[in-house]
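I opened a new notebook page for this chain.

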Amino acid sequence: MTEHPPLTILEEFLLLALDDSTGQFYPLARSTFDCASAGAILMDLTLRRRIDNDLRHIFVVDAAPTGNPVLDPVLQPMTIAPVLTPKPITYWLRQLADEGEALRERALRQLEAHGILKREDKKILWMFGTRRYPILHQKEQREAKLRILGVVLRDDIPEVHDIMLVALAHACGLFRHILSDHELAGATARIEAVAQMDLIGQAVAKAVGEIETAIAMASGFR
Amino acid sequence: MQPALTEAWIPAEPDVMELEGRLDTSTAPAVEEDARLCIQSGARRMVLDCRNLFFISGIGLQTILTLAHAMQKAGGRLILCNLQPQVREMVDASGLEDFVPVYEGQSDAFLALTG
């Protein structure tokens, strides 16, 4: 495996969402996955000090490219003059969620390039295509899991990067796959307190909640 | 023979850092550097006085959290006081107070750190 730069929030989120026993993502509604991927990108741009936010708006503070092939194509259109005025957090979440699959695809290619996972396409009954991402190098996934477990199972002041991951994992319900029922029951209050700390994470959780409500209503009306 | 001093020297009064204007992308690096220097020089009880801080952004909140984390790792405590309306609104919305204590005035903050 080659040396690679620190993983982005989106890359670590994808590793957390990947079931290492099957190489497939835990079941998430496509729109939930898109929204969380969009949130991860906004968090990454915040960590790189390209955007900042208040309670409602995101503003671009530095248009300089980050050098990251996943983030720069997102940042560039955000810096075009008509868009440069602050826009609601939900506006950018929706815009980027529309590209959710493409964002994940680019981030997964980065993880492949780093030698952390590989892509396997198979056909079942010669008809149905399935894609798996077996993890080749487990260190990165294990470290991300251990870090966020440490955050939610201890009372220390967490680091910003880990708060973002906890917020995304919480918004998508990933903790039920990572923790046992017993652990989850004991850690729920802490998870909620940590997740609340990130304002973009809050917007993701709200959007995911609305998506789930819409899905539940649509299935109820069938 | 006198026993060797093994504990870090802790000043009687907490260190106070007065934040002014805005705490956002443009000012956060300098605030973070100053506070880190204080921690490296042995400060273990620090008050961030926000009486003249009128705007804090998401990155400003992250900066305070990062400093509180660094202070905790060093075995100390960092607290806030004198929050102005916009800062109070951001602190409430983010639940920052669950991790970083907030006091009305500097004397309450001192009392919490020294009492």
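Is Phe13(A) buried or exposed? I found Phe13(A) buried, because its relative accessibility is 0%. Buried means under 20% relative accessible area, exposed over 50% and partly exposed in between, with a 1.4 Å probe and protein chains only.

I noted that this is a predicted model: local features need pLDDT of at least 70, side-chain atom pairs count only at pLDDT 80 or more, and totals for chains, interfaces and linings use all residues. Side-chain values use heavy atoms, without hydrogens and water, and residues are numbered from 1 along each chain as its sequence is written.

Next I looked up aromatic pairs. Rings of Phe, Tyr and Trp (its six-membered ring) pair if their centres lie within 6.5 Å; planes under 30 degrees apart are stacked, over 60 edge-to-face, the rest tilted. I got 4 pairs over all chains. One of them joins Phe13(A) and Phe33(A) edge-to-face, at 6.0 Å and 70°. Phe33(A) is also buried, at 7%. Phe13(A), Phe25(A), Phe33(A) and Tyr133(A) make one aromatic cluster.

I then checked charges over rings (NZ of Lys or CZ of Arg within 6 Å of the ring centre and within 35 degrees of the ring normal). Arg104(A) has its charged end over the ring of Phe33(A), 4.2 Å from the centre. Lys87(A) does this over Tyr91(A), at 5.5 Å.

Last came the strands (DSSP runs of E, at least two residues, numbered from the N terminus). Two strands pair if DSSP finds at least two bridges between them. I saw S3-S4-S5 (chain A) in an open, antiparallel sheet. Lys87(A) turned up again, as the bridge partner of Ile58(A).

Methods: Chains are lettered from A and ligands numbered from 1 in the order in which they are written. Helices (H or I, at least four residues) and strands (E, at least two) are DSSP runs, numbered from the N terminus.
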